[in-house]
Amino acid sequence: MSSADEAVPAFDLSTTPLREVNQALHAADLEGEYVIENPRGAHNVAVGLDAQVKVTVNGHLGYYAAGMNQQAEVVINGNAGQGVAENMMSGTVHVTGSAAQSAGATGRGGLLVVDGDVGARCGISMKGIDIVVGGDVGHMSAFMAQKGRLVVRGDAGDALGDSLYEARIYLRGTAKSLGADCVEKEMRPEHLAELAGLLKAAGFEDDDPASYKRYGSARTLYHFTHDNEY
């Protein structure tokens, strides 16, 4: 570990093996702030954190960045590959660039913010996580999303919310198509307030919540019926 500023220890992935960095970030007495430099698209950076610390990564990351995050605040100053914040439990993950497919997959809690665009299957099988996307999302986003909120400031690809359960989708742009059992729903005052809070938390408080549409489950796929027989 090296640091130009003793108050913010820095890890340089061009000279320090990733395993050593991740092990250091799992120390039992971890606290404060940390910086990771020169990630160069490395996979599995800052995974499984479980402490109230802030970790800033200066550069692009590969697969599963900040996966399984608990408590920590992770800021990625760049783009992230597949599965960023996968299975996140709590805390925040902020990607200042764009993210590849399956961002926030199976997430159970916390807040994922991506300032740019996100690829296919954003929020797939989400179970309580909140995801705010500054740009567009790809096809099959919120597929089988069970709980949580997905906010998209741009457009969505095909089959948005396919096989949705009780997660809520707020979309400012246009969906290329809606998936099975996903329908537009009324934006009541409580939803406007909820959305305003999410936008503020993600740094987009200037957006007008009334410019968004809400989508949710029509609840027609919950039970087996004879119509589904082969």
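The model is predicted. The chain averages a pLDDT of 94. It has two helices and 11 strands.

**Confidence**

- A pLDDT of at least 70 is reached by 93% of the residues.
- Where pLDDT is low, predicted coordinates should not be read in detail.

**Overall fold and dimensions**

- Along the sequence, the elements run β-α-β-β-β-β-β-β-β-β-β-α-β.
- The C-alpha atoms fill a box of roughly 60 × 45 × 30 Å along the principal axes.
- Of the 230 residues in the chain, 49% are buried.
- The accessible surface of the chain is about 10800 Å². Carbon and sulfur atoms account for 48% of that surface.
- Take the contacts between residues at least 6 apart in sequence: 22% of them join residues at least 24 apart.

**Nonpolar cores**

- The largest nonpolar core has 50 residues. Leu-25, Ile-36, Ile-76, Val-84 and Val-93 have the most contacts inside it.
- At least two residues each come from β2 (32-37), β3 (53-58), β4 (73-77), β5 (92-95), β6 (111-114), β7 (127-133), β8 (147-152) and β9 (168-171).
- A second core is separate and has 12 residues. Among them are Leu-111, Val-151, Tyr-170 and Ala-202.
- Beyond four places in sequence, Leu-25 touches Phe-11, Leu-30, Tyr-34, Ile-36, Ala-46, Leu-49 and Val-55.

**Cysteines**

- A search of the whole structure finds zero disulfides.
- Cys-122 is in no disulfide, and the nearest cysteine sulfur, that of Cys-182, is 14 Å away.
- Cys-122 is buried, with a relative accessible area of 0%.
- Cys-182 is buried as well, at 6% relative accessible area.

**The loop between β3 and β4**

- Leu-61 lies in this loop, between β3 and β4. Leu-61 counts as buried because its relative accessibility is 7%, under the 20% cut-off.
- Beyond four places in sequence, Leu-61 is in contact with Pro-39, Gly-41, Ala-42, Val-45, Ile-76, Asn-79, Ala-80 and Gly-81. One of these, Ile-76, is also among the residues with the most contacts inside the largest core.
- Leu-61 and Gly-135 are 74 residues apart along the chain, and their C-alpha atoms are separated by 19 Å.
- Met-68 also lies in the loop between β3 and β4. It is partly exposed, with a relative accessible area of 43%.

- Most residues other than glycine have a negative phi.
- Met-68 is not a glycine, yet has a positive phi of about 60°.
- Ser-163 is not a glycine either, and has a positive phi of about 55°. Ser-163 is found in the loop between β8 and β9.

Methods: Residues numbered from 1 in each chain as written. Predicted model: local features only at pLDDT ≥ 70, side-chain atom pairs only at ≥ 80, totals over all residues. Heavy atoms only, no water. Core = buried A, V, L, I, M, F, W, Y, C linked by side-chain atoms within 4.5 Å. Buried < 20%, exposed > 50% of the residue type's maximum accessible area, 1.4 Å probe, protein only. Helix = DSSP H or I, 4+ residues; strand = E, 2+ residues; numbered from the N terminus. Contact = heavy atoms within 4.5 Å. Disulfide = S-S within 2.5 Å. Areas by Shrake-Rupley, 256 points an atom, 1.4 Å probe, with all protein chains shown as cover. pLDDT = per-residue confidence, 0-100.
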